[in-house]
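Please read them with the structure open.

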Amino acid sequence: MVDVTLYIDIEELCENESINEEVIVEVVDYGIAVPQRGGIFSEWIFDLENAYWIKKAVKLNQQLLLDWAAISMVIDLMKDNEKLAQENEQLRSRLSRLL
Amino acid sequence: MKFKDYYKILGVDETADLKEIKKAYRKLAVKFHPDTSGHSDTEERFKEVVEAYEVLKDPTKRAEYDELKRYGAKSGGGFDAPPGWQASDGRNQYRHQEHGDFSEFFNSFFADRGRGSEHSPDYGPDLFKGQDLEMELPVFLEEVVAGTSKSIDYHVPVYTNNQLNQIKKSLNVKVPLGVTDGERIRLKGQGAPGSEDRLNGDLYLIIRLVPHPLFDVQGLNLILSLPLTPWEAALGAKLEIPTLDGKVKLNIPANSRSGQKLRIKGKGLKNKTGQGDLLAVIKIDIPPSTNSETKRLWSELAEAEKYNPRTEWS
């Protein structure tokens with residue numbers, strides 16, 4: 001049986017994804033991701049949802065050469081879009097039962 | 001091997017300076033990026049653009065590329081490296097570190113000088129760690145409640161002898177209790193193998209809840225559409241309703257209305273953050289056909305009850 005991981009710590013995130021610690025601080029400062037355990041920077045842990053957005057932000061920064069303020073806005077819109085698509089799907093499913 | 005005309009891909013002249021190259025790259029990257037283009041089929045074009053930029057933004061790689069282009073490109077798109085050709089860092093064409101997203105041409109000549117090189121300490125593709133993989137995992141609501149284990153099969157891209165092959169892998173995964181639709185779970189080290197002593201990539205499973213024939217999911221709450229006859233709604237009733245772990249008795253209050261929600265505590269989904277409820281949403285359903293006796297009774301009711309549900313219209 002394979003172990004499922006639901007959290008990732010900052011050290012592992014930096015090492016696995018080749019991300020600088022300063023970049024993660026920047027991403028958190030802009031509110032793109034929120035650590036699940038705050039306090040000292042070296043003790044930050046992220047759930048996979050937040051780790052996913054950190055990786056996405058870093059990719060957008062590298063691939064589209066956007067600054068962090070623009071990335072923060074793009075990510076906010078992407079999160080909204082994802083949430084709305086999910087709600088839309090749920091409502092469609094409920095509506096089909098009610099009609 | 002097919003030659004890649006990176007200048008053509010970016011739509012710039014061979015004499016273009018770095019500013020022009022960057023400008024062309026940004027324009028095309030935004031146009032074809034899978035996250036911003038709104039089309040999933042632009043990914044191949046995007047990879048091509050990134051590959052071209054990866055080479056042309058770096059003066060050393062660009063000089064080597066220009067040399068290859070001058071002497072190696074053949075008509076018809078074919079390509080042979082010039083005899084005795086060697087990169088400026090002393091390594092010649094076939095190298096060990098390869099990038100699964102890029103072309104054979106890139107991997108043969110430019111692949112192992114990305115991250116960590118003096119030219120791009122923070123940027124550029126990750127050329128060392130194994131590729132992370134993502135796949136959707138369909139899960140039934142009953143499995144979410146029970147936290148069962150599931151067997152999954154998937155393919156891992158592996159480079160052997162300069163060729164990309166797919167290796168089939170099987171895993172047994174325990175589905176965490178109360179996972180929600182769209183949630184990601186990570187299987188550490190189960191992605192593509194890393195090169196040399198580098199880490200394997202991870203496998204990310206994206207949970208997809210299989211639509212249930214009876215229940216919809218809203219957060220930790222389950223929603224059940226509860227059809228009632230008009231007389232059950234008017235007079236009240238005692239019914240048995242389904243939940244994910246068997247049936248429970250529910251009192252329907254008299255004068256219940258369509259759309260009204262009845263809450264059954266603790267019969268929703270459960271995870272570490274809490275326990276959801278089951279919400280039964282009333283839907284008034286009238287019999288599909290009426291006989292003469294039923295018609296008479298409805299008429300009597302219409303005479304006795306002067307209720308008008310459309311008073312707001314006047």
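1. Start with a charge over a ring. B:Arg184 sits over the face of A:Tyr52, 3.3 Å from the ring centre. Keep in mind throughout that this is a predicted model.

2. B:Arg184 also matters for the area count. Together with B:Arg186 and B:Asp216, B:Arg184 supplies 20% of the area that chain B buries against chain A.

3. Next, the contacts between the chains. On the chain B side, 47 residues are in contact, and they meet 35 residues of chain A. Four salt bridges cross the interface of chain B and chain A. Eleven residue pairs are in polar contact across it, both residues being at pLDDT 80 or more.

4. Which elements of chain B give two or more residues to the side that touches chain A? They are the helices α2 (18–32) and α3 (43–56), with the strands β3 (163–174), β4, β6 (215–218) and β7 (221–228). The most comes from α2(B), with five residues.

5. Now the salt bridge between B:Arg186 and A:Glu12. Their closest N and O atoms are 2.6 Å apart. B:Arg186 belongs to strand β4 (residues 184–187) of chain B, and A:Glu12 to helix α1 (residues 10–17) of chain A, so this pair joins two chains.

6. Are the two partners buried or exposed? B:Arg186 is buried, at a relative accessible area of 0%. A:Glu12 has 16% relative accessibility; the cut-off for buried is under 20%, so A:Glu12 counts as buried too.

7. Two salt bridges within chain B deserve a look. B:Lys150 pairs with B:Glu143, the closest N and O atoms being 3.1 Å apart. Both B:Lys150 and B:Glu143 are buried. Salt bridges with shared partners also link A:Glu12, B:Arg186, B:Lys188 and B:Asp202 into one network. The other pair is B:Glu54 with B:Lys57, where the closest N and O atoms are 3.8 Å apart. B:Glu54 is buried, with a relative accessible area of 4%. Over all chains, the search finds 21 salt bridges.

8. On aromatics, the whole structure has seven pairs over all chains. How are the rings of A:Phe41 and A:Trp44 arranged? Their centres are 5.1 Å apart and their planes lie at 75°, so the pair is edge-to-face. A:Phe41 is partly exposed, with a relative accessible area of 24%. A:Trp44, at 11% relative accessibility, counts as buried. In chain B, one aromatic cluster is made up of B:Phe3, B:Tyr6, B:Tyr7 and B:Tyr65.

9. Two backbone points remain. A:Leu65 is not a glycine, yet has a positive phi of about 55°. A:Leu65 is in the loop between α3 (48–63) and α4 (68–98) of chain A. B:Asn255, also a residue other than glycine, has a positive phi near 60°. B:Asn255 lies in the chain B loop between β9 (246–252) and β10 (261–264). The cut-off for exposed is over 50%, so B:Asn255 counts as exposed at 62% relative accessibility.

Notes
Residues are numbered from 1 along each chain as its sequence is written. Chains are lettered from A and ligands numbered from 1 in the order in which they are written. This is a predicted model: local features need pLDDT of at least 70, side-chain atom pairs count only at pLDDT 80 or more; totals for chains, interfaces and linings use all residues. Side-chain values use heavy atoms; hydrogens and water are left out. A salt bridge is a side-chain nitrogen of Lys or Arg within 4 Å of a carboxyl oxygen of Asp or Glu. Helices (H or I, at least four residues) and strands (E, at least two) are DSSP runs, numbered from the N terminus. Buried means under 20% relative accessible area, exposed over 50%, partly exposed in between (1.4 Å probe, protein chains only). Rings of Phe, Tyr and Trp (its six-membered ring) pair if their centres lie within 6.5 Å; planes under 30 degrees apart count as stacked, over 60 as edge-to-face and the rest as tilted. A charge sits over a ring if NZ of Lys or CZ of Arg is within 6 Å of the ring centre and within 35 degrees of the ring normal. Contact means heavy atoms within 4.5 Å. Buried area is the accessible area (1.4 Å probe) that two parts lose on being put together, summed over both. A polar contact is a pair of N or O atoms within 3.5 Å; within protein, one must be able to donate a hydrogen and the other to accept it, and residues adjacent in sequence count only if both atoms are side-chain atoms.
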